[in-house]
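Biologist: Could you walk me through the charged pairs and one of the helices in this model? I'd like the cut-offs spelled out as we go.

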Amino acid sequence: MKRLLVNGFYFCSGIVFLILAKIKNKWMGYSPKTFSMEEINRCIEYDIHVVDDWLKHLKEYKPDLTIRDKQILELGPGSDLGVGLYLLSKSAKKYTAVDVYDLASKVSPEFYSAFFTYLEEKYKTDTRRLKEELGKTMRQDNDQLNYVCRKDFDLVKAVGDAQIEVVFSNAAFEHFSDFRKTIKDLSRITAPGAVLVVSVDLRTHSRWIRDKDPNNIYRYPDVLYKLLKFNSSPNRIRPYQYRKAFEDCGWKEIVIQPEMTLDSARLAYFQACLNKKFKDPANQMEYLTIWICAVKE
């Protein structure tokens, strides 16, 4: 009886959170972070952590591969271009970011001033070239630091004939409404041997309920979930579906590694109340966040 009441409470609560998220998105737009860009130091540390995490997983996946002199693509860069500047500071040849939402162009100069100071003081980085590249980007005269926003998220048109060698993404794949098309497009613009390292957050995204019931979005049938969806809603794609999509597009050596998992007791407690399409063990509902690594043939 208690389990029935608890699951009923989370079912109803989840609907409320989805409605609130839809309203918030309509009136306030999309926000990729849970904190404001006005928290400059926190934003800087976030960007540095994202890149360091990518490079850690890249080294574990391909120990002999570095980003030196590589053309890098980031899908869904979010609020600012700190990630790209940090990658260039680590000798990447070129960085291109593609997004749907034009957020980075609205960042205050104070952020970048503080970001350059951070690199200079902590890493002894000569930031003159980085400042020049940022200036070019702000004048829409892209060179080594490229920022492209397209409502249709057409990667082929966004990147052109560039042959991308490394693909990074941080918690963006779960927001792609047509993830198969994104992977197909990605496969057209990557060079043979290109390496992909991306993190994917499979959980419900609304705060509070994400901690209490991380698989909440999987409780609902497609008809109801589509009714409550909005641009950038989690797409509810599971790991096996990502694997198949990459395999179908000619990627190999695919590794899908969980980073955050749901313990067996909580999984058993909630599993029976998920929508029927997510009850099959193939969905690996214990996986909350994952890393996907792959090599383009």
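Modeller: Let me begin with a term: buried means under 20% relative accessible area, exposed means over 50%, and partly exposed lies in between, with a 1.4 Å probe and protein chains only. This is a predicted model, in which local features need pLDDT of at least 70 and side-chain atom pairs count only at pLDDT 80 or more, while totals for chains, interfaces and linings use all residues. Residues are numbered from 1 along each chain as its sequence is written, and side-chain values use heavy atoms, with hydrogens and water left out.

Biologist: How many salt bridges are there?

Modeller: There are 14 salt bridges, counting a side-chain nitrogen of Lys or Arg within 4 Å of a carboxyl oxygen of Asp or Glu.

Biologist: Is the pair R219 and D213 buried or exposed?

Modeller: R219 is buried at a relative accessible area of 3%, and D213 is buried as well, at 1%. Their salt bridge has its closest N and O atoms 2.7 Å apart.

Biologist: Which parts of the chain does the pair E253 and K62 link?

Modeller: The side chains of E253 and K62 meet in a salt bridge at 2.6 Å, N to O. The pair links distant parts of the chain, 191 residues apart, with E253 in strand β6 (residues 251-261) and K62 in the loop between α2 (40-61) and β1 (71-75); helices (H or I, at least four residues) and strands (E, at least two) are DSSP runs, numbered from the N terminus. E253 is partly exposed at 41% relative accessible area, and K62 is partly exposed at 23%.

Biologist: And how far apart in the helix are K181 and D185?

Modeller: They are four residues apart in helix α7 (residues 179-189), so about one helical turn separates them. K181 forms a salt bridge with D185, with 2.7 Å between the closest N and O atoms; K181 is partly exposed at 36%, whereas D185 counts as buried at 7% relative accessibility.

Biologist: Switching topic, which residues of α10 are buried?

Modeller: In helix α10 (residues 239-248), the buried residues are P239, Q241, Y242, A245 and F246. They cover an arc of only 160 degrees around the axis, so they lie on the same side of α10, the arc being that of the directions from the helix axis to the C-beta atoms.

Biologist: What do they pack against?

Modeller: The buried residues of α10 pack against α7, β5 (190-201), β6 and β7 (287-296), where contact means heavy atoms within 4.5 Å.
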